[in-house]
Amino acid sequence: MSMDSAAMSNELPPAEASAPTPAIDMHAHSPSIVPGWLRAVGKKVLSVPTDPLSDLRPGRVDLAVITAVGDPMGTRWRGRSAWAGVVEQLTAARTEAAAAGITVVTDPASIARPGGPAIMLGVEGADTVGTDPQRLTDLHELGVRVLGLVHYADNGLGTIGMSAFGGRGSRAVRAGRRSAGLSPLGKEVVAQMNRLGMLIDLAHADFATTMSTCEHSTAPVVSSHTAASAVQDFPRFISDTEVRAIAATGGLIGLWPARLGKLTLRDVDDFARHAAHLAQLVGAEHLCVGTDMNGVTGYIDGYDGPRCFPTLAPVLATAGFDSAEVHGILGGNALRVLKAALSQENRGSMPCEPGRSVRDRQE
Ligand SMILES: [Zn+2]
C-alpha cells in the first residue's frame, strides 16, 4: 500500500507483530530409551507414564530436547558398543519424530520460530566422549546440540551427584579412589563444546564438576532437570552455590516435575516452591523447565505429561510470577540460552580431523 492510499483509507500501517514466545522443554526423552518389554511391565505394574512425541503437539510444546542416554544404563543392554547404543537412540528419536511429523532442528534460527513442535537432539552422559574425544565432533555431526557431561556413572570427563541407587556421589569418589570434579579432559571438552556450539548440561553432575564447568565455560550452561536442595535435600538437587554459579554463566536451572516416591517433589505446589526459591536467588530469567518425559517413573500431582505443559503457566502465576516471567520460564529463557550457546560456532579453531566422516566411525 502506498502512503497516499494508506492516508485515504485512514488505516494505520500494520504493527510489527511481536514473535510469540516458544514453549520449550529442555529435557525429555523418546519412549525408545527404555526397552519395550520393560516399559510394558512398568506401565502395567507401576503405571509408569509413556508419552509419544506426538503428544508435544496437543501440549503446544514448540521445542523439546530429546535426549539419548549415554552411560552404561542406556547403552549396555543394547549389546554392541556404547557408541552404537547412543547412535541407535538418536536414530530412534529421529524416526519417531518423522513418524509424528515433527522436525529435528539444530540451529537457533529455527528454534526462534514457534509453531512446532520440533525437537533438538541431546545426550545425557558423555561417556563415549570420555573414552574417545573425537566422539564430540561425531555427536555434533549427528545433530546433537545439548550434551550432559555425566549421567549415572562417573566418566572420563567428570563425576556424578547421585548414583542409580540414590547414594550421594559415586562409590569411587566416596572411597577416595577418584577425586571429584572435572578431569583435565573434561576441561578440554568444555572448551571444545563452547567452540562447536553445543550447550553443556550439568544435570546429574556433582558439586565439584558443576562448579569447575561453570568456571571454565565461556558460554551459558544449564542444569536441565533438577531442583533446589535448600528447599528439599536430595542428591540430584543442587545447592544455592551451584545455582548462583550456573546463573553467573548466563545459564538456566531446569525445573523438574518428576516424582520419585517421597524423595522428590510431590505436586505442583512443591514445583512452585522450588521455582520461587530459585527465582529469589538468581531471578526468574534463569529458570526453565525440563520435564524428563519418558525418563521418569512418575510425574508430580497436577502434572501428567506433555499434554499438561500449558498448565504449568497458572501454577507459576499463582506462585507470584508475572506474565513475562512465566513466558520466560516456559520457553523464552531457554530460547535465549540456546541461541547464545549454539551461536558459539566458529569461535576459535576446531581440532577435528578434516575429511573424516562420522559415518566412517559408526560401528
Ligand atoms: Zn536425567
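1. The model is predicted: local features need pLDDT of at least 70, side-chain atom pairs count only at pLDDT 80 or more, and totals for chains, interfaces and linings use all residues. Residues are numbered from 1 along each chain as its sequence is written.

2. The protein chain has 15 helices and nine strands (DSSP runs, H or I of at least four residues and E of at least two, numbered from the N terminus). Of its 363 residues, 47% are buried (20 or more other C-beta atoms within 10 Å of the residue's own, with C-beta atoms placed from the backbone). Among contacts with a separation of 6 or more, 75% join residues 24 or more positions apart (a contact is two such C-beta atoms within 7 Å).

3. Strand S1 (residues 24–28) is mostly covered, with five of its five residues buried. S1 pairs with strand S2 (residues 63–69) in the parallel sense, over three bridges (pairing takes at least two DSSP bridges). Asp25 has Ala64 in S2 as its bridge partner.

4. In helix H10 (residues 207–216), the buried residues are Thr209, Thr210, Ser212, Thr213 and Cys214. Their cover includes helices H9 (184–196) and H11 (240–248), plus strands S6 (199–201) and S7 (221–226).

5. The largest nonpolar core has 97 residues (buried Ala, Val, Leu, Ile, Met, Phe, Trp, Tyr and Cys joined through C-beta atoms within 7 Å). Helix H14 (residues 323–342) gives the largest share of this core, nine residues. Ile119, Leu147, Leu287 and Ile329 have the most contacts inside the core. Beyond its neighbours within four places in sequence, Leu287 touches residues including Leu252, Leu278, Ile329 and Asn333.

Technical notes. Buried ≥ 20, exposed ≤ 12 C-beta atoms within 10 Å, placed from the backbone.
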